[in-house]
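Visitor: Hello! I am new to protein structures; could you show me how to read one, feature by feature?

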Amino acid sequence: MAAQDFNFLLATDSYKITHYKQYPPNVSKIYSYFECRRKKGSQFSEVVFFGLQYLLKKYLTGPVITEQKIQEAKLFYQMHFKQAVFDEEGWRKLLEKHDGRLPIRIKAVPEGRIIPRGNVLFTVENTDPNFYWLTNYVETMLLQMWYPITVATISREFKKILAKHLKATSGSLEGLDLKLHDFGYRGVSSQESAALGGAAHLVNFCSTDTVAGLLMAQRYYGCPMAGFSIPAAEHSTIISWGRSREKEAFERVLDQFSSGPVSVVSDSYDIFNACKHIWGDKLKERVMERSQDSCLVIRPDSGDPAETLIEVIKILEECFGCSLNSMGFKVLPSYLRIIQGDGIDLSSVDE
Amino acid sequence: ITHYKQYPPNVSKIYSYFECRRKKGSQFSEVVFFGLQYLLKKYLTGPVITEQKIQEAKLFYQMHFKQAVFDEEGWRKLLEKHDGRLPIRIKAVPEGRIIPRGNVLFTVENTDPNFYWLTNYVETMLLQMWYPITVATISREFKKILAKHLKATSGSLEGLDLKLHDFGYRGVSSQESAALGGAAHLVNFCSTDTVAGLLMAQRYYGCPMAGFSIPAAEHSTIISWGRSREKEAFERVLDQFSSGPVSVVSDSYDIFNACKHIWGDKLKERVMERSQDSCLVIRPDSGDPAETLIEVIKILEECFGCSLNSMGFKVLPSYLRIIQGDGIDLSSVDEILQKLSDEDWSAENVFFGCGSALLQKLNRDTLSCAFKCSYVESNGKGMDVCKQPVTDPSKGSKRGRLSLRRNSDGFLETVERGAGKPEEDLLVTVFENGSLVQDYSLEEIRKNARLRDEELNPTLHNQEQELLHNRIINGIH
């Protein structure tokens, strides 16, 4: 159930308050649907349906209308429209007849299903003829389904690309669901969006730093821990040692987290110098001590992603060597990996 | 979670700041600072840490990292010593102020040396400031464009703050984002359907009613009458809302037919009965925005006539207006008003609705928002720090303690390395040790963000504005 201060009557576009007066007389049912319309030239031909359960559990289930909320909405809309247009009577009737529960029916595709564009994904209709105006009252809220659907879809597109390359160059899909780590918490527009988007990514992967998404998955989708992360540096933890002590900063991470993988951002001053002279020389032995289960993951974070990555991997090859896998492709020693977390999108990851 | 173990030993202070970095070629040279008070009031003020939360986090992170890395001890110490309140200080530019890119907007530092790790713990949450800042900035850019055309074609700015209506509630990613984005728009305008934003303005910025709307149709309320009864559907709106303006979406089947034969003929008298205070606002919602609008206004001119205003531009009768709420963004609104003006139509005739271009089609890169550590104290000594990746100079950060001042040329600039004079510093402490220190009202914020004279008379200062824009973007002052 939504927080106490959430008022369902105030969770819609203003103009929808006035629609009960605009439908034809004697209307007893309004039936509406949601789709991801086809669009010429779109790169996405199918979508992942996800996120409805969150909305239902958080905002629509149970007695969402109370007398207090009706009063709050009445006053609010009087000020907002500078006239009395709010359907106080209609909502009170709903409160009395249905104990404040919403007499609508929603039918939907099961969550997680992959559906081609241009198909109905869910339908909404009123179950009590008195409340025909309720169907589209919830449009504003339900149309926000665009977001978790789109994130889950894009995340899955990433997965297809990663799978293709992983299969082709290693012969297996091992570790696929850890290949794309969610770094997006700070770059979304709110805590709630972080939770929704973060959870949507977890439909396809189990690698994330967006803790809010893990909580959403726990609280609304019954999964106690939907994703994992590793100890990692950020620029402040490196630069706070001072420019001349980048090696000490790097070493600190290795010391503090001796088991399990660690990630160290290495471009604070000069990524190539860091790889060649610090990781590949001064700390080389410390790096080689790490096992496959506690590998070092070096993180570049600036410059052209592809070019920087190629140059970095060449430097690491020079310093640490590499071996060939069963498909004949080069692999760095198992204690050493790279994470590219800057400038990544569907086309750059493929490129 | 793991950073407390990675900072240098004996660190006693981590000082970080937020800016909208300059970016070559960006169309936005200045930003509106807005939204921090919401975060402070909602998430940071008061006792935010409890034993129960520490336990929940401990269990959670054990599962998430598959090892015990969570700083249980550190958080318990904070709980005991500070009653669960956060020992940090945040200094910020007053909300609503307009600040050129590349300047410090707020700083964060720990006030208790034991909790140096707290400063950057809050980065993730505070970096989300990019959103209300960017919406408020884009909304204000819309305002500049609308002001320009309104002034040029009508001689006045009357009704400017009703010219851009927020249609974006359904197109954002969550209820909370709708509230933040909706409120950010209300810094510049008072026209919105995004109710969540009005509630945000009420609860966090002390404004009981920050924006207004009018009764309006949507496609379902028109098409539910059936294809042959569009006229009855239109008439219903006029009947049900006889006083005050009403908006009727008219493109369900054929916008041109609706304007010419229904509004302009069958319902013509009903339309003419409406007064200026209860005008009909016709809403096209498809097709090329500029072309459709021009064709619509021509049809309405034929059916209803028009008059000339004091500037010699054509205005529809006062009972009739148009709202274009589809395909509107910063460039199309300018294009549309320019085309209208080229055909001698005043900007008074049209209102605009905007959804995703205002609230959703933006990201942290739009204004290059970043949060970076610039100063550290350890072993009693202060050290200015920064990142300066050789692979991207534009990602370099500022050094040392920062302040914001107005220099002798009147321009705002950031003083680095702790060299700023406290009495000149425009940054104000807004949060300290769990308490809110400033409480800005939307009224004040709106005042701070209002358009300046030189922005209202761009024809006089166009060249100067462009020069200033370029200087800001290129980092020269």
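**A guided reading**

Guide: Let us start with one pair: Glu46(A) and Arg156(A) form a salt bridge, and their closest N and O atoms are 3.6 Å apart. The term salt bridge is used here for a side-chain nitrogen of Lys or Arg within 4 Å of a carboxyl oxygen of Asp or Glu. This is a predicted model, in which local features need pLDDT of at least 70 and side-chain atom pairs count only at pLDDT 80 or more, while totals for chains, interfaces and linings use all residues. Residues are numbered from 1 along each chain as its sequence is written, chains are lettered from A and ligands numbered from 1 in the order in which they are written, and side-chain values use heavy atoms, with hydrogens and water left out.

Visitor: In which elements do Glu46(A) and Arg156(A) lie?

Guide: Glu46(A) belongs to strand β2 (residues 46-48) of chain A and Arg156(A) to helix α6 (residues 146-170) of chain A, so the pair links parts of the chain that are 110 residues apart. Helices (H or I, at least four residues) and strands (E, at least two) are DSSP runs, numbered from the N terminus.

Visitor: Which residues of chain B are linked in a network of salt bridges?

Guide: The network links Glu30(B), Arg140(B), Glu141(B), Lys144(B), Arg452(B), Glu454(B) and Glu455(B).

Visitor: Now strands, please. How should I read their side chains?

Guide: In a regular strand the side chains alternate between the two faces of the sheet. β1(A) pairs with strand β5 (residues 120-126) of chain A in the antiparallel sense, over five bridges. Two strands pair if DSSP finds at least two bridges between them. Within this pairing, Glu35(A) stands opposite Val120(A).

Visitor: What is the order of the strands in the open sheet of chain B?

Guide: This open sheet of five strands runs β6-β12-β11-β8-β7, with parallel pairing. Its edge strands are β6 (164-166) and β7 (246-249) of chain B, each pairing on one side only. β6(B) pairs with strand β12 (residues 350-354) of chain B in the parallel sense over three bridges, and Asp166(B) has Cys354(B) as its bridge partner.

Visitor: What does His165(B) touch?

Guide: His165(B) lies in strand β6 of chain B and is buried, with a relative accessible area of 8%. Residues up to four places away in sequence aside, His165(B) touches several residues, including His185(B), Phe212(B), Ile323(B) and Phe352(B). Contact means heavy atoms within 4.5 Å. The side chains of His165(B) and Asp193(B) are also joined by a polar contact of 2.8 Å. A polar contact is a pair of N or O atoms within 3.5 Å; within protein, one must be able to donate a hydrogen and the other to accept it, and residues adjacent in sequence count only if both atoms are side-chain atoms.

Visitor: Is Leu442(B) buried or exposed?

Guide: Leu442(B) is buried, at 2% relative accessibility, and is found in helix α16 (residues 442-449) of chain B. Leaving aside neighbours within four places in sequence, its contacts include Leu186(B), Val187(B) and Tyr205(B).

Notes: Buried means under 20% relative accessible area, exposed over 50%, partly exposed in between (1.4 Å probe, protein chains only).
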